Amino acid sequence: MASLTTPQIFVALGSVEPDLVEPLLSENQRLIQDPTAEDLATAEAAIVRAAYPVDRDMLDRMPALKVIARTGVGTDLVDLAEAHRRGIPVVITPGSNTASVAEGVFAHLLCLVKKLSPLTALVREGRWDHRADVVVGDLEGFTLGIIGYGRIGRRVARIAEAFDLKVLAYDPYAEIPAAIRCDSVEELLAGSDFTTLHVPLTSENRNLINASRLKAMKPGAVLINCSRGGLIDLNAAYEALQSGQLSGLGLDVYDPEPPAHHPLFDHPSVVLTPHLMGFTRQGMAHTVRDAAQGAVDVLAGRKPAAVATP
Ligand SMILES: O=C(O)CC[C@@H](O)C(=O)O
C-alpha cells in the first residue's frame, strides 16, 4: 500500500545521477532533479554539485532544509556561516574522489610535458617531417611542487614517487616530512619544475598564483590547477605563457564556472578540461553516493561521516 505521509524531499542542485541516490532513500523519501520553487520550499535535503552556489538567497528559498550535502570537499560556494547559523549541517565527502583528482593532475602534466595535443595535430595533418620540432620531455628527475598537502596533495606525492619525480610541498596547516617541506610558496616555486595546487579557495588565497609568484617560478615551469579556479590570476598566467616563463598550464577549474572565454584558452601550451577531473565515472559514483548517504544519515538523526565547519 502506498504511504499517505508527505514524502521527504531531496533536491539535486546541479545534476546528479538518480540511480546513485535512489537506492539509499527510504520509501518515503524522494529525489527531485531540476527542482521548482515549490520543490525547493519543501526540500529537507539538498545534494549540491561543486559549481552550484548555496548563498543566503538560496537558503531563504529552502526554509525546510535540514541538511546540505556537497559532492566533494570544496565548500567555497556554500555560505557555511549562514548554514551554521540556521543549524543546517553541511556534509562533505572527503576521500571520495582523491584518486580521481590526483590522476587528473598527472593526465594534465603528462599531456603538457609529452606534448600530446601538438603531436596529435602533426599526425592528423600528415606533417611527419615536423615531428622533431615539437620537443617532448620526461618527468623523471624533475621536481614537482605540491601546494596543499591534504588527501589529494599526498596522493599526488605518492604517484610522483613512481615517476621518480622529486617532490616539494607547502602547506602551513599540514604535517609534511621535513625532507620535502617548504616554508613558503616562493621557496616551493623557486625549486619546482612543475607545480600543482591543492588548496581550498578562500578570501585569503584568491589569486594565490599572481604575477609576482609566476616570476618566482623556474623559467619554463608548468602549472596545473585541478583545485579551484580563483587560485590563479589568469591574465598574469597568460603573460607568463607568452613570455615563456610558463611552458605549460593545465586547468580543470575556472572562476566562475562555466568560464567566459579567456585568450589563454587558445594558447598552444594550455590544456583545458571542464571541471571533470574529480567527477570521473568512479569519482562521481563515490562522491554522489557519499553525499546522499550523509544527507540520509542527518535526516535519520545519525552522525554523518564528515561535516564542514565554517
Ligand atoms: O563536480 C562536482 O560536483 C564535484 C567535483 C569535485 O571534485 C569538486 O571539485 O569539488
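Predicted model: local features only at pLDDT ≥ 70, side-chain atom pairs only at ≥ 80, totals over all residues.
Thr71 places a polar side-chain atom 2.7 Å from an oxygen atom of the ligand. For Arg70, the separation between an N or O atom of the side chain and an oxygen atom of the ligand is 3.0 Å. Taken alone, the ligand exposes 290 Å², and the protein buries 93% of that.

Let me turn to the surroundings of the ligand. Besides Thr71, His275 and Arg70, the residues around the ligand are Arg49, Ala50, Asn97, Arg228, Gly278 and Phe279. How does this shell divide by class? Two of its residues are nonpolar, four are polar and three are charged.

His275 sits in the loop between S11 and helix H11, the latter spanning 281–299.

Asn207 also has a positive phi, of about 55°, although it is not a glycine. This residue belongs to the loop that runs between strand S8 (194–197) and helix H9 (211–216).

Finally, I would draw your attention to the peptide bonds. The bond from Asp255 to Pro256 is cis, with omega near 0°. The bond from Glu257 to Pro258 is cis as well, with omega near -5°. Pro256 lies in the loop between strand S10 (246–251) and strand S11 (270–272), and Pro258 is likewise placed in the loop between S10 and S11.

How values were computed. Residues numbered from 1 in each chain as written. Heavy atoms only, no water. Near = heavy atom within 4 Å. Polar contact = N/O pair within 3.5 Å; in protein donor to acceptor, adjacent residues only side chain to side chain. Areas by Shrake-Rupley, 256 points an atom, 1.4 Å probe, with all protein chains shown as cover. Nonpolar A, V, L, I, M, F, W, Y, C, P; charged D, E, K, R; others polar. Helix = DSSP H or I, 4+ residues; strand = E, 2+ residues; numbered from the N terminus.
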